[in-house]
Amino acid sequence: MKRYVRANFGKKGGQAVLAVFFILLLALSAGGALYIFYGDSLKGKEQNQKTAVLSQQNVNTAVFSIDDKKLKITVGDRQKIKVTSDTENAFDSISWESSDSKVAHVDPDGNIVALKKGKAKITATAGYYSSSLDVTVKGNKEKSKKTFSTAYTANKNVVNKNKKDGSGRNLYYIDVNRLKNCVTVYTYDKKGKYTVPVRAMICSCGDDDKTPTGTFSVSVKGRWHPLFGNVYGQYVTAFNGEILFHSVPYEQMSKPNSVEVKDYNGLGTSISMGCVRLAVADAKWIYDNCPEGTTVRVFEDKKDGPLGTPPAMKINTGKSTGWDPTDDDKKNPYYKKSPNFDGVVNVTINLGDKFDKMADVSARDTSGSVITDKVQVKGNVNTKKSGEYLLEYTVKDDMGRSKSQYRYVTVR
């Protein structure tokens, strides 16, 4: 090689050419080493790591989108989020998150529960893909009203219309089915006949013929009145001589905390001395709404009236306060009470465990009696998918008072 260079470039030129050649050779060798060290070791390692991450993400990735981008919902409502996807079992890969779980809670299965008025963003994520939904929670305009009767009511619109028609007719007509121990009140139809049922109330008539059948009319009234057997009644309305509508008996005059619990719990059975006993709220309704001259018919029929026969809420004798639970006197200890739950507490369970929504859960009505069989539960727990689920327990007693309570169930 030296001879070839000298022959063609001369001694000095040859030296220059050889120097350049060796420099290029060294540069190529160094570059190769750098490539091996950097490209294969560092860059290659980084690339391998990225590939591993991508492979892992692809396992949990689903191509999907939430159908709606905005949702308006009312406090207390539940709604499942709808998702469109070409990926089979996309929901299994999606994780859910709420920007404000106090406003709108979302469970691992994509069910929204509206908890309070406000706004929240629900985001669904599966690998590289995500989709979101803006939720506006509106307040519930329906406010719970305190109720004081087990009565069934209907056709209020007809009653309101009749009150304004100026006909001069008595607004109501009262039927007493002594066999069913039920009082049904009617108002008149367009033809002036009393065919429109507006109220049904549980009562206690006398056994045998102690409550005479026939057609009578309302006469005198009294706020409190002595009854047979040294007891007293509230909201007394006479309709057939000494046969009266009145409350369950009290042991003392003008003492609403002295009700005879046994007689109250006997509503719906024929145990009176002949009068028609009612819960205080119902006796008061007749006292307030049915003036002198209102027709009262007493009869027997094996069939229920058009509104049916209401239940009679029992007083828990172990928790008796001496008051009729339906009395709207604000001094009544039952006035501010409502049904309540035991056992509706937050709980954590293991993935795959069995979960019974009603295990260790019980409920009592306003008077303290057990009504667990009336409990309804909204929501489900997917024990095969970890996360936080929200259940809502609701119960309504015979007096129409209700209670709702939430419970978080965490699956881990």
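**Cores, strand pairing and individual residues**

Ile-174 touches Val-183, Thr-184, Val-185, Phe-245, Ile-286, Cys-290, Thr-294, Thr-295, Val-296 and Arg-297, with residues up to four places away in sequence not counted; contact here means heavy atoms within 4.5 Å. The model is predicted, so local features need pLDDT of at least 70 and side-chain atom pairs count only at pLDDT 80 or more, whereas totals for chains, interfaces and linings use all residues. Residues are numbered from 1 along each chain as its sequence is written, and side-chain values use heavy atoms, with hydrogens and water left out.

Ile-174 is also one of the residues that touch the most other members of the largest nonpolar core, together with Val-176, Val-183 and Phe-245; this core has 43 residues. Apart from it lies another core of 21 residues, including Ala-62, Ile-66, Val-135 and Val-137. A nonpolar core is a set of buried Ala, Val, Leu, Ile, Met, Phe, Trp, Tyr and Cys residues joined through side-chain atoms within 4.5 Å. Buried means under 20% relative accessible area, exposed means over 50%, and partly exposed lies in between (1.4 Å probe, protein chains only).

The protein has 4 helices and 25 strands; these are DSSP runs numbered from the N terminus, helices being H or I of at least four residues and strands E of at least two. Strand 19 (residues 295–299) runs parallel to strand 11 (residues 173–177), and 5 bridges join them. Within this pairing, Tyr-173 has Thr-295 of strand 19 as its bridge partner. Strand 19 also pairs with strand 14 (residues 214–217), here in the antiparallel sense and over 4 bridges. Thr-215 has Arg-297 of strand 19 as its bridge partner. Two strands pair if DSSP finds at least two bridges between them.

For the protein as a whole, 40% of the 412 residues count as buried. Among contacts with a separation of 6 or more, 61% come from residues 24 or more positions apart. The protein exposes about 23700 Å², of which carbon and sulfur atoms supply 50%; accessible areas come from the Shrake-Rupley method with a 1.4 Å probe, and for residues only the protein chains shown count as cover.

His-246 lies in strand 17 (residues 243–247). It is buried because its relative accessible area is 3%. Beyond its neighbours within four places in sequence, His-246 is in contact with Leu-227, Gln-234, Tyr-235, Val-236, Cys-275, Val-276, Arg-277, Leu-278 and Ala-283.

Tyr-235, one of these contacts of His-246, is found in strand 16 (residues 231–240). Its relative accessibility is 7%, and therefore Tyr-235 counts as buried. Most residues other than glycine have a negative phi. Tyr-235, although not a glycine, has a positive phi of about 50°. Asp-360, also not a glycine, has a positive phi of about 65°. Asp-360 is placed in the loop between strand 21 (347–349) and strand 22 (362–364), and it is exposed because its relative accessible area is 73%.

The loop between strand 22 and strand 23 (376–378) holds Asp-373. This residue counts as exposed because its relative accessibility is 69%. Asp-373 and Ser-362 are 11 residues apart in sequence and 8.5 Å apart in space, C-alpha to C-alpha.

Tyr-129 belongs to strand 9 (residues 129–138) and counts as partly exposed because its relative accessibility is 36%. With Val-63 and Tyr-128, Tyr-129 forms a nonpolar patch on the surface, and together they have about 300 Å² of accessible area. Patches are made of residues with over 30% relative accessible area and no salt bridge, with like charges joined within 9 Å and nonpolar side chains (Val, Leu, Ile, Met, Phe, Trp, Tyr) within 5 Å. A salt bridge is a side-chain nitrogen of Lys or Arg within 4 Å of a carboxyl oxygen of Asp or Glu.
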